[in-house]
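Subject: Structure handover

Hi,

My notes come after it.

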Amino acid sequence: MLYGVVGLVVMAVGFIALDLVTPGKLYHVVWTDRNRGAAVLLGSQSVAVGLVIMKAIEASESEQGLGHGLLSTLLYGLAGVLVMTVVGIVIGVFTPGRMGAVVLDDQDGRPHPAAWVQAGMYLGTGFMVGAAIS
């Protein structure tokens, strides 16, 4: 149960980090504006963070006690969110336009292709960080 709470905290930090690098308030853009690009991005980031949390729990130092296990899971999870956020920012520097704004540019009810690229980057980074943790 406590690992679930730690995972929830890391997921919340991931949501906040994504909100900081995308224009507008993410909850409003997804749930009120129904922006598909933002939903693709948030969904992929959530899966990636979940993967990092899973690997962090597997690699946690729980043999040293529950407190150590929870702390190591929290730190590994937050490190994963940080790496994903930095990768997103770096990719944005090398792409035309402001990546966060481009990703949210839905046309004809379809997400901009950049949303799928950014989603793939989040998932790829999640797998990379997960492998590094385990």
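Below is what I found.

This is a predicted model; local features need pLDDT of at least 70, side-chain atom pairs count only at pLDDT 80 or more, and totals for chains, interfaces and linings use all residues. Residues are numbered from 1 along each chain as its sequence is written, and side-chain values use heavy atoms, without hydrogens or water.

Helix packing. Helices are DSSP runs (H or I, at least four residues), numbered from the N terminus. The axes of H1 (residues 2-21) and H4 come within 10 Å and cross at roughly 20°. So H1 is roughly parallel to H4 (angles under 35 degrees). Axes are lines fitted to C-alpha atoms over the stretch in contact, with angles from 0 to 180 degrees between N-to-C directions. Contact means heavy atoms within 4.5 Å. Among the residues that make it are Val6, Val10 and Gly14 of H1 and Leu70, Gly77 and Val81 of H4.

Ser72. This residue sits in helix H4 (residues 66-93). Ser72 is buried, at 7% relative accessible area (buried is under 20%, with a 1.4 Å probe and protein chains only). Setting aside neighbours within four places in sequence, Ser72 contacts Ser60 and Glu61.

Record. An unreviewed UniProt entry lists "transmembrane region" for residues 6-26, 38-57, 69-94 and 115-133. Such annotations may be inferred rather than shown by experiment. Residues 6-26 are 81% helix and 0% strand, with end C-alpha atoms 22 Å apart. Residues 69-94 are 96% helix and 0% strand, with end C-alpha atoms 38 Å apart. Strands are DSSP E runs of at least two residues.

Best wishes

Notes
Buried < 20%, exposed > 50% of the residue type's maximum accessible area, 1.4 Å probe, protein only. Parallel < 35°, antiparallel > 145°, perpendicular 65-115°, else oblique.
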